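User: I would like a close look at one part of this model. Please keep it brisk and connected.
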Amino acid sequence: MTPTPDRTRARHDHPALLEARGLAFARNDEPIFGPLDFALHPGEVVLIEGDNGSGKTTLLRVLSGLLAPTSGEIRLNDEPLTLARLSPQVALLSHQGGLKFELGAIENLRFAAGLHGVRSGISPATALAGVGLDGYADVPVRQLSAGQKKRVALARVLLAPVGLWLLDEPYANLDLDGIKLVNRLLENHANRGGAALITSHGAYAYTSGTPRRIPLRPASSAIDDRGTA
Amino acid sequence: MKPGSTTAACAALIRRDLTLVWRRRGDAVNPILFALIVVALFPLALGPEPEQLRRIAAGVVFVAILLAGLLALDTLFRGDYEDGSLEQLVLSPHPLSLLLACKIVVHWLTTALPLILVAPLLGELLHLAEPLRWLLPGALLLATPLLSLLGAVCVALTVGMHRSGMLLALLVLPLYVPVLIFGAGACNAAQAGLPFIAPLLWLGAALVLALVLAPLACAAALRISLS
């Protein structure tokens, strides 16, 4: 596909944490999104907007490296991302959350800490307190509400020692407090030099500052948003 | 910002999987019950003559344990796939094949090892011949890890499909047949007073090969299943 040359303007201060060039994805010859060109720099929060079925989930899975793009290139810290060599620099929050329902919230976070490592200055317990679930440490995730499960999953993202967050519908299932919490987490993450790409169908947008938006339109009609199925 | 060590990741994964098995320990008994039922039905169908049962004992126990293992195989990655933990494993900075090897080891420890421990009891139900009392568990000790490793690759390939049970069996059984032939063959040879070391050595060689290659194949298959 056509790589777009005009990225020099954005590159003068920092290398982009994430850069997509001519990124497109098609399933069974049916285009899902793209081609897209964008770069994500430290301190940026970018909102991917689109209707149901416009390929938001699929885009995040492609950017995390779980799906190979049909064409185009993804670069993380100026290095190409390939399916064989996934980047350890990405934390993905997907629809399923990646939590074990039989385990307590803190057990889930301890496992995540062992698997991905821990950001310095934070522990599973403080991450759990940071998402407002103080006192729920030993409650099995099965017994938590959908919004509380989302908060535990957010605590997992918060814990990961990575610069780039890919959050799929982080506002779904959350109450007003939770929405403010997500915004605060995103703001803090951006302030310490991280970047985040979040999807939303527009109901609860990131409110701090004016985030850049990447509109996604269905590349063709009648494609469902089943990136995770 | 430093990722943890690979050893810590493997330890965390093993601890989590063992905790999960403990929390669902009711399910963990199912394969044993299944094998027990299968073995207990044979004397009812064939009649209680010890001579007749002794002739088929090793083979029946082998098949029962193989099928019980097949029953438990689908749970290897299913839960992790459905709740999204599998993509977290794939996205971790550690070698996926190593993490999957840890999962397979835990799965073998919690499903196959209990079956091997009850194998002498199953043999007793069928009047297992005296010289086989130690050989049968020994052959199973070589055969069941091989079954788990081969099965894991097939599970990784089919985990993305709903209701993959029959397909999984079709994929797995051709790979299981040689293991069954060598394992049960060694027992039958010993019972007939023939040398039985060669088939066991074949099993051992295949196990070493699978230990190295199966986790790699498993990782590749899972990446395909997740996309």
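Which strands of chain A does α5(A) lie across, and at what angle does α5(A) run to β8(A)?

Analyst: This is a predicted model: local features need pLDDT of at least 70, side-chain atom pairs count only at pLDDT 80 or more, and totals for chains, interfaces and linings use all residues. Residues are numbered from 1 along each chain as its sequence is written, while chains are lettered from A and ligands numbered from 1 in the order in which they are written.

α5(A) lies across β3, β7 and β8 of chain A, at about 150 degrees to β8(A). Helices (H or I, at least four residues) and strands (E, at least two) are DSSP runs, numbered from the N terminus. Angles run from 0 to 180 degrees between N-to-C directions, with axes fitted to C-alpha atoms, for helices over the stretch in contact. Contact means C-beta atoms, placed from the backbone, within 7 Å.

Now the sheet. It is open, has five strands and pairs in parallel, in the order β6-β7-β8-β3-β9 (chain A). Pairing takes at least two DSSP bridges between two strands. β6 (90-93) and β9 (212-215) of chain A are the edges. The twist averages 20 degrees from one strand to the next. Four bridges join β7(A) to β8 (residues 195-200) of chain A. A:Leu164 has A:Ala195 as its bridge partner in β8(A). Helix α1 (residues 56-64) of chain A also packs on the sheet, touching β3 (45-49), β6, β7 and β8 of chain A. Its direction makes about 155 degrees with that of β8(A).

α5(A) also has a place at the domain boundary. 13 residues of domain 1 of chain A are in contact with 10 residues of domain 2 of chain A. On the domain 1 side, α5(A) gives the largest share, four residues.

Technical notes: Two residues are in contact if their C-beta atoms, placed from the backbone, lie within 7 Å.
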